[in-house]
Amino acid sequence: MEKYICIHGHFYQPPRENAWLEVIEVQDSAHPYHDWNERISAECYAPNTASRILNERGVIKNIISNYSKISFNFGPTLLSWMEVHEPETYQAILKADLESIAHFGGHGSAIAQVYNHMIMPLANSRDKETQIVWGIRDFEFRFKRKPEGMWLSETAVDEESLELLAKHGIKFTILAPRQAKAIRKKGELVWKPVTSSDLDTRRPYKYTLRSGQSIVLFFYDGEISQGVAFNGLLNDGKKFAHRLLEGFDSQSIEPQLVHIATDGETYGHHHKHGDMALAYALDYIERYKHSHVTNYAQFLSMFPPVYEVEIHPDSSWSCVHGIERWRSNCGCNSGKPNWHQMWRKPLRETLDWLREELIAIYEKETANFLRDPWLAREDYIDVILDRGDETFNAFLKKHVFADVEQNRILRMMEVQRNAMLMYTSCGWFFDDLSGIETTQIMQYACRAMQLVSQVSDVKLEEEFLKRMELAPSNITTLANGKEVYKKYVTPSKTNLQRVGMHYAVSSIFEEDPESFPVFNYTTHNEVFIRKEAGEQKLVIGITKVKSNVTRSEKKFAFAVIYMGQHNIIGNISIDMQPDKFIMMQSSIVKAFEEARLGDIIGLMQTYFGPEKYTIWQLFQDEKRKVFDLITYQSMRDLENSLRRIYNRDYPLVMALANNDAPIPNAYRTTFEYILNADLTRCFLTERINIRQVERITNELVKWKLKIEDSDQLERLVGESIIKELKRFSLEGENYSRIERLNRLFPLLFKLNLSPNLYKSQNLYFEMSKANPKHDGHSPEWIREFVLLGENLRVKIEYPLVKY
C-alpha cells in the first residue's frame, strides 16, 4: 500500500493598503510592528522559511524551510506587499518552491489563488475569469512557471468557476469534505450520496464538467484539519505527526493521500511556534519512513483519480449555509454576542448595483480607444505587476487604437481594478460593517467612483450612500453604512491637491525634499526655498506631483509656516501665475526675516485665499513621524530633568534602601524611566555596550523595577544580536566579540526578555555547517562559539576539544 501525506497552507491576508496611497498606514494594534502584515510576517511567514526542529532538551538540531515540504498558496495581494516590505522572506518562499520541484519529482508545492479573494459563485462571469487570469499571471510572474492547482477563496465553488479553471489549464483545486455530494467509481452508473463523515478524503476525484472538460478535486481531511486549526494539535509536533499517520486506512490496498488544509497563519501566528510543530512533524514522518511526504501535483501525476464526484454548488469551507456568509444574515460570524449581520445583504446589493454602473461607464468610455475592453482588463495585470514604461507601452500597443491621454486609459483600467477589489471576501466575514475589513472594501468602491467622476460627468456617490443607508450597523452611534462611510472612508479620500499639500507640509521636516516620494506619488520641485529662525521655519515652492498609478500630474505653488510645537499653517494653489508667485515669495520671505508672523499669515491668505491646511491634513504615517520629531525635544527635556534628580538623589535613595525605609513612588518612577531610557539606548547604537547593559540590569534588579515596553525592547535586542553576529562572522578569529555577546544572554534572562532570535539562529546554523570542524580556530574561539550556540539554543556536533 502506497501511503502519502500532504499538508496545505492557505497563506493570505486581506488587502490593508490605503486605496489611494497603496501603502498600509500605521496600525497601533499591531505594536511593536508597524502594521498587521508586518507582525504576521514576523510571527509566521518568515519563521516558516527557516523553522526549527528541536531535540529532547528543546535545543535546535536542524532548521528547514517548511514551504519546501508542504503544499501552499499565497494571496497575490499579500505577495505584492511582501515583495517590497519583506524581500528576504519573499525570496525564501520562491526558493522553497524551486526546492520542492526537485524534491517532488518536478512538481512545485506552490499553487495559485484567485486574485483578490473574491467569492467566486457570487461574481459575474467576467469577474470570475479575470480573477483566475490575474491569479495565474501573478503566479507566473513570481514563480516563473505555470501553476498546476489554484485555491478558491474560502473554497467557495460553483460549476462555472470550475469550468473556467479547467479552461485556463488548472488541473486541480482543494475543497472541504462537506462540499462533496456523491461519488462513484469510473465506469459505474449509480452515484452514491456522501457526507463529510463518510467521504473517503484519501483519494482524488475527477469532476466532469458540462463542457466535456474535467478537473480533479481533493477533499481535505476535515477532522484533522479542525484539530490543527482549533483543537491544539500543534502543541506537540510528534502528536501532530501521529495524528496524520492515524488517518490511513490499514485495510485499503489503494494508494492513499492523507491531507489537510488550514489557514497558513495557523503555523506561527494563530498558534505560537506552530511552524516548529509543523517542521517536527514533517521531519518525523520522513525520518521514520512511515509514509511519503508529497504535494498534490506529484500525487496526481502518480495516481490519477479512479473515482468521480458530484459537488454541492454554492458551498464553502467557512459557512455551513453554503455562501450565505457573504450575502445574508445567516448566523455565521466571528463571535460578537447579540450582534446581527443584517448589513451584509444591502452591502452586497449596493456593490452589485455599483458594479453594473461601472461596467456601463467602462464600456461606453473605452469604446473609442480600446479594441476589446475586457481583454484589455485581463492583460492589465501586467501593468499592475510592473508599472514601468516598457510594460505600459506594450499594453498600449496591443489594446489602444486611438490617440488618447494616457491618464484617461489608466483611470478606466483602475476603475475596473477597484471594482474587483471591492469584492474581497473579508468585507463580509466579520461582525459589523464598521470593521476595518469592510471599510477597506468601501474604500475601493469610493476610489472607483472618484475615478469615474474624473473621466465623465457621472456622479455615483450620492446614490451609493442612499443605498448604504439600508445597511444597519450594530453600533448605535454609527447607525448605518452611510454614516460608516462618512466617518471611516471619506477622510481617506485623496487627490493630487491633497498629496501636494502633504508634500508641502512634510517638506519642512525633510532633510532632502528633492528626493522625497509621497507613497505612490512622485514629486519634482521647480522652486524650493526654506528659511529657518530658531524653531520657526518657512517653506515656499512650486512642485509637480505625479501619480505612479494613473500618471496624472499637477503643478502647485505652496507656502507653509511652522511656528513651533504642532502649529503649522499651509496654503496651496494650482493656478498661481509666475509673476504673482515671485511677488508672494518676496513678500513672505521679507516678513519672515523680519519676524512678522502675523503678516505672514495675512499675506498667505492674500495670495492663496482662505483655505488653509494644518498638520491634521497629513497622511497618518507622516503625521506620526512629524509628531515624533516635534515631541522629541520635549521628551529629551523631560529626560534631562529626571536624570538630574536621578544623579543628585541617588545616594539618598541608597540610604533609604539600606535602612529599610520606604522609597517614595516618585523616586521609583524616576529611576524606572531613566534606566529604561538608558537600556533602550544600548540597543540603538551600532554596537551593543555590554558594560552599560550589565550596569543597568543590576540597577533594575536591585530596585525591583520593570521594563516599560518589553515588546519593543525585545525587538531591538533581537535586531542588535543579529547585527553583532553578522559582524562577528566577518571578523574570523576575534573571539573577544563572541565573549562579549555571550555575556548578554544571562542579563536577558534576569530581565525576563525573550527576543526573537530566529535570524541569529539561522546565521549561527549556517556558520556551523560551513565549517563543522572549525578548522583554523583557536580553542578559546571554539569554546566561546559553542557557548554562543547554547545561548542561542542551537545544537551542533563538534569535534572533541580540550580547553
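User: Is F558 buried or exposed?

Analyst: This is a predicted model, where local features need pLDDT of at least 70, side-chain atom pairs count only at pLDDT 80 or more, and totals for chains, interfaces and linings use all residues. Residues are numbered from 1 along each chain as its sequence is written, and side-chain values use heavy atoms, without hydrogens and water. Buried means under 20% relative accessible area, exposed over 50%, and partly exposed in between (1.4 Å probe, protein chains only). F558 has 0% relative accessibility, so F558 counts as buried.

User: How are the rings of F528 and F558 arranged?

Analyst: Rings of Phe, Tyr and Trp (its six-membered ring) pair if their centres lie within 6.5 Å; planes under 30 degrees apart count as stacked, over 60 as edge-to-face and the rest as tilted. Here the centres are 6.5 Å apart and the planes stand at 50 degrees, so the pair of F528 and F558 is tilted.

User: Which class does the aromatic pair of Y650 and W703 belong to?

Analyst: The ring centres of Y650 and W703 lie 6.0 Å apart. Their planes are at 90 degrees, and the pair is edge-to-face.

User: Which ring does R325 lie over?

Analyst: A charge sits over a ring if NZ of Lys or CZ of Arg is within 6 Å of the ring centre and within 35 degrees of the ring normal. R325 lies 3.5 Å from the ring centre, over the face of F429.

User: How many aromatic pairs does a search of the whole structure find?

Analyst: One aromatic cluster is formed by F11, Y45, Y67, F72 and F74. For aromatic pairs, the search of the whole structure finds 40.
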